[in-house]
Amino acid sequence: MKEIFEIRWHGRGGQGAKTAALLLGDAALSTGKYIQAFPEYGPERMGAPVQSFDRLSDKPITIHSGITNPDIVIVLDPTLMKSIDVTDGLAEDGHLIINTHKSPDEIRKEFNIKGRKIATCDAYKISEDTIGKKIPNTPMLGALIKVTGLLDFEKMLKDTEEKMQKKFSGRPEIVKGNIESMKRAYEEVKQE
Amino acid sequence: MKKIVVAKTGNEAMAEAMRQINPDVVAAYPITPATEVVQIFSGFVADGRVDTEFVPAESEHSALSACVGAAAAGGRVMTSTASQGLALMHEVLFIAAGLRLPIVICEVNRALAGPINIHCDHSDTMASRDSGWLQIYSENSQEAYDNTIQAMKIAEKVFLPAIVSVDAFIISHSMERLEILPDDEVRSFIGEHRKPYDLLDIAHPITLGGLDLQDYFFEHKRQEIEAMKEAKTAVIEVGKEFGEKFGTSYGFFEEYRMDGADIAIIALGSTAGTSKVVVDTLRAKGMKVGLFKIRVFRPFAFEEIKKSLEHIKAIGVLDRADGMSSIGGPVFHEIRSSLYESEKRPFITNYIYGLGGRDIFPKDIETVYRELNEIAEKDEVKNLINYIGVRE
C-alpha cells in the first residue's frame, strides 16, 4: 500500500462533498489511521462546483499542501463531468468513482477516458430509496470502500452510525437510511 | 493518563483547549477564518460546559478592550481573531501588554487587506510583532491545542499576553488526528489563576491606566522589556513540564534532521510540516539537509538560534509575509541579526512565499534546497531575496 492515499471529491455546493470527506476521515481515524480532511475554500454557492479532499496514512501526515495528484477521484454529480476534467492529475492507475446510472464502459466511451479504473454507482437512486432524498455522499462512501478496500467496511459502518446517532439524535430514520444507503452502494457499485 | 483521540480542525482544537482552560471571560467578535473558534466556544457557554462570561462585542477593538477590562479586574481572559480583526485590535494590543495583562488570543493567520483576501499568510501577526505579546506559531491542529494550553500558563508566569496562531484554512479548517488531554489534567497543569493585580480587590486599591509621562513611562516599559526576556525562561520551563506530564516537549524551535546538515530551511507554521516531507526525500538521496522550525517568534531566541545555526553553510529563510522593508521578510531579518555575532556566519537567503494563500508544494521547497546547495558549493549568493511561485 502507498504511504499516503490522497482522495479528491467533486460535488456541487450543498451535495455534501465536504461532509463526505469529513465522514471518511473520521471513520478512517477510528480504524487507527492518520488522516487529513479538508474542503477547498472559495466563494460558496449552492450548485456551484466544489471540491474536498482526504489524506489517509498509517503514519503521521505532515504535508500540508493541496492535493493535485490524487489516487482516487469521486464524482458526486455526473453533470460536472461536462464542464470539469475530473481526471485532472489523477494517477494513471487511480480510481475514478462516479455517481451515475451508466456503466463504467459507457462513461469511458462518453468522456474518452484513457487509463484509470472506472467504477459507477447510482447514488441518486439509492439515496432516494433509502433516505428519501437525493443525497449522494453517504452511498458513495460505501462505493469507495468496496472499490478500494481502504477501510474495514463493517467498522466504518459502525463508526458512521455512532457519529450520526449523536448528530441526529431523535431522528433514527435518518441514521438508518444513511447506513442502508452505504450498504446498498457497497453491493451495487459497478466496476470494470 | 487517558488521552482521547479525535478528528478535529485547528479551530476546533483551539476551542477545545479554551473549554478546558475554562476562562472567566471571553469577549470576541467573529471573523473568517477564526469565526468557528468563538462560535464553538459560545456553544460551550450556552450548554453550561464552562463558567465563562461570554461578551459578544460589536468589534474587535471593543472585544479586546473588554478583555483588558476583565483581565484588569482579575479574570482569566481569552479571545480569538484573525487578520483585519487583529489589525483592529492593534491599539489595544499595546495597552494589554503595557498593563501586563496575561490575555491569550487564539489567532488564525490570514492575509491583511488590501487587496482583500481571506487566505493564509503571516502579515497579520507579523504586523503585531512589536506589541509586547508573545507569539507562538503552530504547525498543525495538535500544536494549536498544545500551544494554547501552554500559552495560558506562560502568560500568567510573566504577566504578558500571548498570541497562539494557526495557518488559515490549511490548519484552521483541516481535520486532523488530535489527542485531547483529560480536562482535570489540563486544569491542574495550568494551575490556579495568577493575576498581576485585581481591580476588584477594594482592600488594596490601585490606579490603572493613569497618565504616565516623562517621569515613569520609560521605567514601566523597561520592566515590560525585562518581562519579555523572562518569558524565554517561562517558555522553556512550561514546554519541558508539558513534555514530562503529557509526552511531547516544546521549546523555541524544532530541529528536524539538523544533525550533520550542511543546508537548512527555516519555516513557521504548516509549511514546516510540508518541508519535513522534502527533507526526508532529499536525505534519502544523500543530501545533508535539515529543517529548523521556529515555534516561538516572540520572545525571539537570538542566542539559542545562533548556537543551533552557525555551523550551517547555507540557510534559506521562508517568510509568509513581507515587511515591505524593501529588503525581505521579518523572520529573515531576525535570523540574520542572530548570526551577526557568529564568527562562521552562514550564507542566508530569503524566500517570500504563500502570500494570500498561494499554495506551496514539496517541489517548491525542493527547489529552495537545491539553490541552497549551489550557494554552499559555490560560496556565493546570487539573489538575497527570492519569491516562490509568483508570476512576474
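**View 1. Lys293(B) and Glu139(B) join their side chains in a salt bridge, 2.8 Å from N to O.** A salt bridge here is a side-chain nitrogen of Lys or Arg within 4 Å of a carboxyl oxygen of Asp or Glu. Please keep in mind that this is a predicted model, where local features need pLDDT of at least 70, side-chain atom pairs count only at pLDDT 80 or more, and totals for chains, interfaces and linings use all residues. Residues are numbered from 1 along each chain as its sequence is written, chains are lettered from A in the order in which they are written, and side-chain values use heavy atoms, leaving out hydrogens and water.

**View 2. Chain B is divided into domain 1 (4–246) and domain 2 (253–387).** These bounds come from an automatic or database domain assignment. Taken over C-alpha atoms, the centres of the two domains of chain B are 28 Å apart. Where do they touch? Contact (heavy atoms within 4.5 Å) links 27 residues of domain 1 with 27 residues of domain 2. The area buried between these domains is about 2100 Å², with 56% from carbon and sulfur atoms; buried area is the accessible area (1.4 Å probe) that two parts lose on being put together, summed over both. On the domain 1 side, Arg129(B), Glu139(B) and Lys232(B) lose the most area to domain 2, together 28% of what that side buries. Five salt bridges are counted between the two domains.

**View 3. Helices H10 (residues 270–284) and H13 (residues 362–378) of chain B cross at roughly 60 degrees, their axes coming within 9 Å.** Helices are DSSP runs of H or I with at least four residues, numbered from the N terminus. Axes are lines fitted to C-alpha atoms over the stretch in contact, and angles run from 0 to 180 degrees between N-to-C directions. The crossing of H10(B) and H13(B) is right-handed, meaning that the near helix is turned clockwise from the far one by less than a right angle. Among the residues in this contact are Val278(B) and Leu282(B) of H10(B), and Ile365(B) and Tyr369(B) of H13(B).

**View 4. Chain B meets chain A through 23 residues of chain B and 18 residues of chain A.** About 1600 Å² is buried between these chains, 63% of it from carbon and sulfur atoms. How many salt bridges cross this interface? The rule finds zero between chain B and chain A.

How values were computed
Helix = DSSP H or I, 4+ residues; strand = E, 2+ residues; numbered from the N terminus.
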